[in-house]
Amino acid sequence: MKPLVGIIMGSQSDWATMSHAAETLQALQIPHEVKIVSAHRTPDLLFEYASQAEQRGLEVIIAGAGGAAHLPGMCAAKTVLPVLGVPVESAVLRGVDSLLSIVQMPAGIPVGTLAIGKAGAINAGLLAAAMLGGKYPEFRKHLAAYRHSQTEKVLANPQPLSV
Ligand code: RP5
């Protein structure tokens with residue numbers, strides 16, 4: 001099956017965070033692709049990627065970036081596909097810069113902004129699965145099973161420390 005979700009990130013240094021989005025989609029058996037696309041260093045590639053995403057069959061884009069994190073917003077400006085933004089934790093401001101850069105979009109060009117770092121990347125994968133779940137019942141089933149297993153694990157380990 002061709003990729004339905006495109007995961008893009010501004011730099012190879014974002015992979016430590018964004019790999020969690022890819023692993024989550026992998027666990028849910030959702031076909032996806034991964035690519036470095038930088039709003040600042042490769043702006044023409046970003047425009048090409050975002051404007052061709054829909055015709056290539058992508059249905060959701062997950063974009064992660066850190067610092068002056070313009071990637072998700074500029075990507076959203078060039079496509080009507082849903083764009084989920086993951087703020088990558090930056091060294092200097094610990095990702096608060098990334099979060100504020102991504103979340104404060106002007107009305108008219110939405111980016112669904114997730115939490116900073118690993119939790120945001122995992123949740124972007126889960127949210128992409130939920131978005132696709134209406135059209136693809138098998139992905140909805142995989143997502144429900146993921147959630148069920150997560151609940152079971154917590155219930156099976158009620159003690160704060162294992163003894
Ligand atoms: C952003 O600048 C990237 O998304 C990355 O989080 C940050 C730093 O990039 P590198 O200097 O590590 O390549 O564009």
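How many of the seven residues of strand β3 (residues 60-66) are buried? Keep that in mind as you set up your viewer.

Residues count from 1 along each chain as its sequence is written. The model is predicted, so local features need pLDDT of at least 70 and side-chain atom pairs count only at pLDDT 80 or more, while totals for chains, interfaces and linings use all residues.

**Stop 1: β3.** Seven of the seven are buried, so β3 is largely enclosed by the rest of the structure. Buried means 20 or more other C-beta atoms, placed from the backbone, within 10 Å of a residue's own; exposed means 12 or fewer. V60, I62, G64 and G66 cover one side, with I61, A63 and A65 on the other.

**Stop 2: the neighbours of β3.** Next, show β4 (residues 83-88), parallel to β3 and joined by six bridges.

**Stop 3: the annotated site.** Now pick S11, D14 and R41, which the unreviewed UniProt entry gives as "binding site"; such annotations may be inferred rather than shown by experiment. They span 31 residues in sequence, yet no two of their C-alpha atoms are more than 14.3 Å apart, so they gather at one spot. D14 sits in the loop between β1 (5-9) and α1 (15-27) and is buried, with 25 C-beta neighbours inside 10 Å. R41, in the loop between β2 (32-36) and α2 (43-52), is exposed, with 11 other C-beta atoms within 10 Å.

Terms used: Helix = DSSP H or I, 4+ residues; strand = E, 2+ residues; numbered from the N terminus. Pairing = 2+ DSSP bridges.
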